Amino acid sequence: MRRSIKISLMIMGAACVLLLAGGFPLMGAPEVYRSGAMMLLGLLAALLCAVAGWRLANGERLRLLGGLICVFFACAGLAAVWQFGSQAVEMARMGGPMWFGALGMACTGVVGLLFTGLFGFFAKRAMHGRLWLAGAHWALVLIALGAYMDYCGERRVNVSMTAGSAEKLYQITTEDGTNIPLDFTLSVDKFELTRYDTRSYTLHRFTDGKWQVACHLAEQDGALPLPDGGKVKVADLRTAPGMPHPFLLLPGEPARLIMQDVPPVREYKALCRVDTLYRGRPETRQVTIKVNEPLSCKGWVVYLMNYQDTATGTRVDLMLRRAPGRLLALAGMVGLILCTTFWCWIRPTQPNR
């Protein structure tokens, strides 16, 4: 076994030990992932990947560079198909004059599809098994560089804003008291919440001076069977001021109360207004933020985290994140997936050396 392979296995083993230590459910500490030991191991692994990719491409480095450029343009074409195709669908749903915009977006998506086919063909002709493997190693280097850039320059701040108020966010304050301008103004105009169309009921019993949950009731043929064998019709439940859902107070001691449960949340979203400058001119756009569908503007990504109902209105919890290495890490992830896939499934055109 070569010395380089032995060193690589040792580094991989040490990294696995630290990953296990940080993820252990009882004694683990997530801070292990950002410790100096983990950073050092990541740096050594990135250097080994860079050297391995350089040696694997020995004698064909220009060919590898051209092939990776073709892969980049093929992926850019796929991104264009996704972006402009989705906009074409949205405009087509609006109907009317928006059909012209939908047609234009669809044509641009077709151009992206042609890009993907053309440069994908060139990439397939330029690359072979050994070069795909070298590209996978260099993709790992990109991931490591992106991770280190985020480690050194990432900003992540949690803020809370009231939906429908005149509150505007144009700068954020970090934990150390530093004010960072956003280069745009953000406001939450509206908050929408939808729940599942389901009904469930709970029986409460008044004991020890407070209401306690006794059991959950399942509706059967429009009635609610009780634990003592009785039944209560769902139609007998009533509403009252201050009670958001139907209820029924049962006679007897101790006091019992049937309450319709609040349906679980299906989706919540915030309609935000973004005021910024585009090529020196003011621009305003409306963006809907959902969970796992953030807003991106001026290098910042705004995530919808949670909401709280208060006396002054609905408070929306947002997280603003700026990660300078995010695009580099994403490019490395995509490159790793593609290179590994083609290395595994494409027949090599020449033997590996």
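Which helices are included in what covers the buried residues of α3? The legends below start from that point; the model shown is predicted.

**View 1. Helix α3 and its cover.**
Helix α3 takes in residues 61-94. What covers its buried residues includes α4 (98-126), α5 (129-153) and α6 (326-345). The buried residues of α3 are Leu64, Gly67, Cys70, Val71, Ala74, Gly77, Ala80, Ala88 and Met91. In general, residues three or four places apart on an α-helix point the same way, because the helix has 3.6 residues a turn.

**View 2. The length of α3 and the residue after its end.**
At 1.5 Å a residue, the 34 residues of α3 should span 50 Å. The end C-alpha atoms of the helix are 50 Å apart, which agrees with that expectation. Gly95 follows α3, and its phi is positive, near 70 degrees.

**View 3. Phe191 and Tyr268, one of the aromatic pairs.**
Eleven aromatic pairs are present in the structure. In the pair of Phe191 and Tyr268, the ring centres lie 6.1 Å apart and the planes meet at 40 degrees, so the pair is classed as tilted. This pair links distant parts of the chain: Phe191 belongs to strand β3 (residues 179-195) and Tyr268 to strand β11 (residues 265-278), 77 residues apart. Phe191 and Tyr268 are buried.

**View 4. Phe191 and Tyr307.**
Phe191 also pairs with Tyr307, with ring centres 5.2 Å apart and planes at 35 degrees, so this pair is tilted. Distant parts of the chain are linked here too: Phe191 is in strand β3, while Tyr307 is in strand β14 (residues 300-310), 116 residues apart. Both Phe191 and Tyr307 are buried.

**View 5. An aromatic cluster of Phe residues.**
One aromatic cluster is formed by Phe72, Phe73, Phe115, Phe119, Phe121 and Phe122.

**View 6. Arg61 over the ring of Trp54.**
The ring of Trp54 has the charged end of Arg61 sitting over it. The distance from that charged end to the ring centre is 3.8 Å.

The side chains of His128 and Glu60 are joined by a polar contact of 3.0 Å.

How values were computed. Residues are numbered from 1 along each chain as its sequence is written. This is a predicted model: local features need pLDDT of at least 70, side-chain atom pairs count only at pLDDT 80 or more; totals for chains, interfaces and linings use all residues. Side-chain values use heavy atoms; hydrogens and water are left out. Helices (H or I, at least four residues) and strands (E, at least two) are DSSP runs, numbered from the N terminus. The expected span of a helix is 1.5 Å times one less than its number of residues. Buried means under 20% relative accessible area, exposed over 50%, partly exposed in between (1.4 Å probe, protein chains only). Contact means heavy atoms within 4.5 Å. Rings of Phe, Tyr and Trp (its six-membered ring) pair if their centres lie within 6.5 Å; planes under 30 degrees apart count as stacked, over 60 as edge-to-face and the rest as tilted. A charge sits over a ring if NZ of Lys or CZ of Arg is within 6 Å of the ring centre and within 35 degrees of the ring normal. A polar contact is a pair of N or O atoms within 3.5 Å; within protein, one must be able to donate a hydrogen and the other to accept it, and residues adjacent in sequence count only if both atoms are side-chain atoms.
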